[in-house]
Amino acid sequence: MAEQLPVNFEFRANQTFNDFFPGGNQEIIDHLKKCLDGTGEQQVFIWGDKGLGKSHLLQACCHQAHQYNLDAFYFSLPAQAALPDPAILADLDEFDLVCVDNIGHIAHDTAWEQAFFNFFNRHRSYEHKLILSANAAPQTLDIQLPDLKTRLNWGLTLKLKPLTENDSINALIFKANQMGFEVSPQAGRFLLTHYDRDLASLWRLLDTLDRASLAAKHKITLPFVKKILQHPV
């Protein structure tokens with residue numbers, strides 16, 4: 001099934017719960033873990049601004065599900081113009097856990113809305129688990145099929161909180177430690193001041209700094225960061 005999907009469905013090895021810096025979102029992680037171990041809600045909807053880690057959390061859910069010997073499937077829906085044939089949903093009801101990123105992208109696509117509604121009903125009838133994400137709350141998504149919109153509001157809806165400035169600095173330090181090097185609080189504050197604060201952008205910066213540090217055999221100090229990223233000392 002997976003080989004036929006023209007969507008982003010791979011599991012990323014470094015996107016587990018242990019690799020996620022929670023900030024003020026530990027309660028969301030706890031609810032997701034309860035969903036997976038069968039002590040929580042069957043359906044969870046996570047929403048929040050871009051760059052807060054929604055995709056990471058859905059990936060982490062799949063990794064955790066595998067530890068429980070559950071069949072898990074993740075995919076990220078592309079923008080509406082690039083949506084694949086909704087027939088890809090045909091066999092997904094067989095999975096114990098399905099995680100769908102960017103569910104709001106199906107809004108106004110009649111075929112996709114109907115296909116997802118049908119998948120939802122089949123999947124739920126097996127008492128399987130469904131975790132969804134979007135940039136907005138389910139009740140505000142511009143879904144046209146009323147019964148589908150109602151179902152998206154079932155279960156538990158959780159809003160991701162943005163990281164505070166201190167949280168973001170600590171997240172950078174945490175991620176760098178996971179990658180095997182150190183970033184000082186001063187260097188972290190500099191990065192937050194001069195670059196996008198969404199986590200994906202910051203992780204890409206860390207990758208750049210890590211490669212430069214290894215090549216130059218130099219610690220990641222504030223002057224080194226400024227030099228590599230072409231800011232004057």
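**Close-up views of a predicted model**

**View 1. V44 and its partner in strand β5.** In β5, V44 has L156 as its bridge partner. This is a predicted model, in which local features need pLDDT of at least 70, side-chain atom pairs count only at pLDDT 80 or more, and totals for chains, interfaces and linings use all residues. Residues are numbered from 1 along each chain as its sequence is written, and side-chain values use heavy atoms, with hydrogens and water left out. Strands (E, at least two residues) and helices (H or I, at least four) are DSSP runs, numbered from the N terminus. Strand β5 covers residues 156-159 and pairs with β1 in the parallel sense, over four bridges. Two strands count as paired if DSSP finds at least two bridges between them.

**View 2. Strand β1 beside strand β4.** Five bridges join β1 to β4 (residues 129-134), again in the parallel sense. V44 has I131 as its bridge partner in β4. Is strand β1 largely enclosed or left open? Four of the five residues of β1 (residues 43-47) are buried, so the strand is largely enclosed by the rest of the structure. Buried means under 20% relative accessible area, exposed means over 50%, and partly exposed lies in between (1.4 Å probe, protein chains only). In a regular strand, side chains alternate between the two faces of the sheet.

**View 3. The open sheet.** Five strands line up in the order β2-β3-β4-β1-β5, with parallel pairing. β2 (72-76) and β5 stand at the edges with a single partner strand each, so one side of each has no neighbour in the sheet. From one strand to the next, the twist averages 15°.

**View 4. Two helices on the sheet.** Helix α1 (residues 26-37) packs on the sheet and touches β1, β3 (97-101), β4 and β5. Its direction makes about 150° with that of β4. Helix α2 (residues 54-67) also packs on the sheet, touching β1, β2, β3 and β4. The direction of α2 makes about 170° with that of β3. Contact means heavy atoms within 4.5 Å. Axes are lines fitted to C-alpha atoms, for helices over the stretch in contact, and angles run from 0 to 180 degrees between N-to-C directions.

**View 5. S201 in helix α7.** S201 lies in helix α7 (residues 199-216). S201 is buried, with a relative accessible area of 13%. Its side chain makes a polar contact with the side chain of R204 (3.2 Å). A polar contact is a pair of N or O atoms within 3.5 Å; within protein, one must be able to donate a hydrogen and the other to accept it, and residues adjacent in sequence count only if both atoms are side-chain atoms.
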